[in-house]
Amino acid sequence: MQPRNMSMSGVVDLAAVKAAQEAKAKAEQARAEAARQGGGTGAVSPADLVIDVDEAGFEREVLQRSTEVPVVIDFWAEWCEPCKQLSPVLEQLVVEYNGRLLLAKIDVDANQMLMQQFGVQGIPAVFAVVAGQALPLFQGAAGKEQIQQTLDQLVQVAEQRFGLTGLTVDPDAAPGAVAEAAPIPAGPYDALLEAAVHALDAGDFGGAVQAYKNVLSEDPGNSEAKLGLAQAELLGRVSSVDPQQVRRDAAEKPGDARAQIAAADLDLVGGHVEDAFGRLIDTVKRTAGDDRDAVRLRLLELFEVVGADDPRVAAARRALARALF
């Protein structure tokens, strides 16, 4: 399998979409709190730079640790032959970075939930987490030089955008010296955002929408609230329709803006992202005036749900521009 997404250009875009500034602020808060409580984590052994992580320890060992050092994640399995070639290379390189990176190895057979949460389609797959933000690096086997170029860019992004300078490594330190990272302090809107998530889980889409709007009224640029609001509004819309009727209407009325908008919502909730985008772009071509504007605005809302970092969004934006102009 050939490596994909080896360029780190997408990392910068993804970091911006995922609220780089908020993540940086939280990382700085966590480091300040660690310093206040005793000057940080101290020196670690080279052996502590490569760790096995499971679902139970993910938040502590990856998310919290990522506030002080970029964490590279190696998704692997015992039966995966390419993994057996890639993993030793990653381990060697991370140790050579001398504390500027940490490697977390995740066995996908034992940690299916983490695999799903990261959207891993095949292994080996390599991601990074920087200041709590997940960044895709590459999938499949890759040469040492390619991997090193990717890791060089990761370190640069972590230092320049998040101020992460890594861990202090002492070759004489005893293994096991990695201390627990300082908890990330609660942000000013964390309680509201948590309430919104609970409302979504309970099917209270109206409550979730209001909670996200409360955050945005105070902080219009809060990316987490923007994304959550778009998702909550989408789920609220599809929860009140008859899917079969929506599909019939869309099939019978290809030029009806409202019918196609409703069907696109169902497409997206069902995971058919490209179908949803294509449906609305085709409808833009067939409509005019207020109908066309309504379709365009709904398409932009669905872009928010999927995320600007997704290549399907970038492709759809280009197609929309061609349809409009």
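# Close-up views of a predicted model

**Overview. The protein has 14 helices and 5 strands.** The model is predicted. The chain holds 325 residues, and 42% of them are buried. Among contacts with a separation of 6 or more, 73% join residues 24 or more positions apart. The accessible surface comes to about 16000 Å². Carbon and sulfur atoms supply 49% of that surface.

**View 1. Helix 13 spans residues 289-306.** This helix has 18 residues. From first C-alpha to last it reaches 26 Å, close to the 26 Å expected at 1.5 Å a residue. Its buried residues are Val295, Arg298, Leu299, Leu302, Phe303 and Val305. Seen down the helix axis, these buried residues fall within an arc of 155 degrees, so they line one face of helix 13. An α-helix has 3.6 residues a turn, so residues three or four places apart point the same way. On the other side of helix 13, Gly289 and Asp290 are exposed. Cover for the buried residues includes helix 9 (223-238), helix 11 (257-269), helix 12 (273-286) and helix 14 (311-324). Just after helix 13 comes Gly307, with a positive phi of about 110 degrees.

**View 2. Val305 sits in helix 13.** Its relative accessible area is 15%, under the 20% cut-off, so Val305 counts as buried. Leaving out residues up to four places away in sequence, Val305 touches Leu227, Ala230, Gln231, Leu234 and Leu268. Lys226 is 79 residues from Val305 in sequence. In space, the C-alpha atoms of Val305 and Lys226 are 8.8 Å apart.

**View 3. Ala264 lies in helix 11.** Ala264 is buried, at 0% relative accessibility. Neighbours within four places in sequence aside, Ala264 is in contact with Ala276, Arg279, Leu280 and Leu302. Leu302 is also one of the buried residues of helix 13. Asp275 is 11 residues from Ala264 along the chain, with 7.5 Å between their C-alpha atoms.

**View 4. Four Phe residues form one aromatic cluster.** The members are Phe58, Phe75, Phe118 and Phe127. A search of the whole structure finds 5 aromatic pairs. In one, the rings of Phe118 and Phe127 have centres 5.2 Å apart and planes at 75 degrees, so the pair is edge-to-face. A pair of aromatic rings is described by the distance of the centres and the angle of the planes. Phe118 is buried, with a relative accessible area of 16%. Phe127 is buried too, with a relative accessible area of 11%.

View 5. The loop runs between helix 3 (58-64) and strand 2 (71-76).

**View 6. A polar contact joins the side chains of Asp152 and Tyr97.** The contact is 2.6 Å. Asp152 lies in helix 6 (residues 144-162). At 40% relative accessibility, Asp152 counts as partly exposed. Asp152 and Tyr97 are 55 residues apart along the chain. Their C-alpha atoms are separated by 9.2 Å.

**View 7. Asn98 has a positive phi.** The angle is near 55 degrees, in a residue other than glycine. Asn98 is found in the loop between helix 4 (81-96) and strand 3 (102-107). Asn98 is partly exposed, at 46% relative accessibility. Most residues other than glycine have a negative phi, and most peptide bonds are trans.

**View 8. The peptide bond from Ile123 to Pro124 is cis.** Omega of this bond is near 0 degrees. Pro124 is found in the loop between helix 5 (112-117) and strand 4 (125-130).

Key:
Residues numbered from 1 in each chain as written. Predicted model: local features only at pLDDT ≥ 70, side-chain atom pairs only at ≥ 80, totals over all residues. Heavy atoms only, no water. Helix = DSSP H or I, 4+ residues; strand = E, 2+ residues; numbered from the N terminus. Expected span 1.5 Å × (residues − 1). Buried < 20%, exposed > 50% of the residue type's maximum accessible area, 1.4 Å probe, protein only. Arc of directions from axis to C-beta. Contact = heavy atoms within 4.5 Å. Areas by Shrake-Rupley, 256 points an atom, 1.4 Å probe, with all protein chains shown as cover. Polar contact = N/O pair within 3.5 Å; in protein donor to acceptor, adjacent residues only side chain to side chain. Phe/Tyr/Trp six-rings, centres within 6.5 Å; stacked < 30°, edge-to-face > 60°.
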